[in-house]
Amino acid sequence: MIVLYSILGALAVLVAIIALNTWIKKPSKRKEGVAKFESDLERDKIAKHLSGMIQLKTLTASSMDGFDKEAFLGLHKYLEKTYPLVHKTLGREVVNEYSLIYKWTGSGSQKKPFLMMAHMDVVPVDERTAGDWEHDAFSGAIADGYVWGRGALDMKGHLTAVMEAVEKLISDGFAPQRDVYIALGHDEESMGTLGAQKCVEVLKKRGESFEFVIDEGGVLMDGTMLSVNADVAAIGICEKGYADIRLSVASKGGHASRPPKQTAVGTLCRAIVAIEKHQMKPTLNEAMKHMLDCVGGYMKFPLNVIVSNMWLFRPLLLIGLAAGSNGAAMVRTTMAPTMLAGSTATNVLAEKAEAVINCRISPDDTVQGVLDHIRKVIGNDDVIVEEIKAFAASRVSDTDSEGFATIARTVEQMFGEFVVAPYLMVAATDSKFYSDISDGVFLFQPFRSVMQDLSTIHAVNERMGVESLSEGVEFFAQLVRNADER
Ligand SMILES: [Zn+2]
């Protein structure tokens, strides 16, 4: 009897602790309305500026062969013409012919400079779906409250907002105390090694380092995507790593009428199945921990209980997150087979069968760790595993820093009803290179219309809300002012 009472007593204490933790983490009510600034921005004019930028086909190209120099030089000229005060006041430097660094020299401050990033290149339009666009992809049409076209969200809209904000600040007579930089890459969509990486090399050589850097990545999002009962302003604090890994199997080949028991294609397929079956272990990486700390209290039951009592439920949470593709991308290294090649004729055995596995590396794993894992689960030396290109996850930026606080404060001023939360960016951007010269690399795009149109990025009907674009301009202007406060 005593044993039973002891068990019941222990259970009661456990339930009380769980309930108490959940109650402590329960957030206070969010602000209802939206804190808007008195704006004298000319929305239509700003929309036209973005429209003009979209019409310049600055398509990304993986090599210089398909690269349209004129389009990029045209965009440089367009920026000069559209933002005369920026070009009169800031120093401009061309890096590797097509990328740009602007420096707004401050009047004097102990503070390190900060840097706003954007990229000028856009992904091509898939010819098969070109006819599905409501407005031609490079028309820059302004209709129904939107600016339409490739790059509107990714990321000429962001680029417009940054340039427009600085132009406006100058025309209002604002002059920063600390130095402010803008860096515009020209090959983000094909890895950024010719643009952003070169910009970082130039800045590093000069001994520059930055208090913080802000680039695309985190967005204003519908909280239901994260099972959260509030809208979330996700600020990226880390970017997953990347690896393209080639698997290849060689064989004698020959005529398909007399196949061996084991063909190269068969061996390769077994290897791929083994990789899909044996995923890497999910972990609660630091970026995720920070995110859950901020949104946990807003999560739906029973997630709020689970997240508030991680000491007990961590394994359960990881299993739950890893079960879906969105959650899995946040907690583990993902491995996706993307390319396959075998024989070139129906009746010929492949002499070489090849596959590419595209991996996105968790901040808790390393490139070598992923290679080792793949080799181990395949367990067959006939399958050659090679790295094509790879880089590790970026360092997790400190949320307890001036940069994060400045961005979060600006978000709260502009988008008060959103819960600010750090975030793990699962895709790769130019900002990864900047970890070299800044401890605070943050990813955030301040556009409300992205909430509805996120799926149009790299797809049909990419568009930016005219009103959202103006809000984005306000955001960056306010960010510069906030960053300059003593
Ligand atoms: Zn982008």
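This is a predicted model: local features need pLDDT of at least 70, side-chain atom pairs count only at pLDDT 80 or more; totals for chains, interfaces and linings use all residues.
In strand S5, Val147 is the bridge partner of Ile142. Helices (H or I, at least four residues) and strands (E, at least two) are DSSP runs, numbered from the N terminus. Residues are numbered from 1 along each chain as its sequence is written.

Let me stay with that pair of strands. S4 and S5, the latter covering residues 146–148, pair in the antiparallel sense over two bridges; pairing requires that DSSP find at least two bridges between two strands. They belong to an open sheet of three strands, in the order S4-S5-S18, with antiparallel pairing. Strand S4 (142–143) and strand S18 (463–465) each have a single partner strand and stand at the edges, so one side of each is left without a neighbour in the sheet. Helix H15 (residues 466–483) packs on this sheet and touches S4, S5 and S18. Contact here means that C-beta atoms, placed from the backbone, lie within 7 Å. The direction of H15 makes about 70° with that of S18; axes are lines fitted to C-alpha atoms, for helices over the stretch in contact, and angles run from 0 to 180 degrees between N-to-C directions.

I turn to the backbone. Asp154 and Met155 are joined by a cis peptide bond, with omega about -15°, and Met155 sits in the loop between S5 and helix H5 (156–171). Another cis peptide bond joins Phe301 and Pro302, with omega about 5°; Pro302 is in the loop between helix H8 (286–295) and helix H9 (303–308).

Next, the whole chain. It has 15 helices and 18 strands. Its division is into domain 1 (43–226 + 394–483), domain 2 (241–280 + 335–392) and domain 3 (283–332), with bounds from an automatic or database domain assignment. The C-alpha centres of domain 1 and domain 2 lie 37 Å apart, and four residues of domain 1 are in contact with four residues of domain 2.

Finally, the C-alpha trace spans about 75 × 75 × 45 Å along its principal axes. Of the contacts with a separation of 6 or more, 80% come from residues 24 or more positions apart. Of the 486 residues, 44% count as buried, that is, with 20 or more other C-beta atoms, placed from the backbone, within 10 Å of their own.

Methods:
Two residues are in contact if their C-beta atoms, placed from the backbone, lie within 7 Å. A residue is buried if 20 or more other C-beta atoms lie within 10 Å of its own, exposed if 12 or fewer, and partly exposed in between; C-beta atoms are placed from the backbone.
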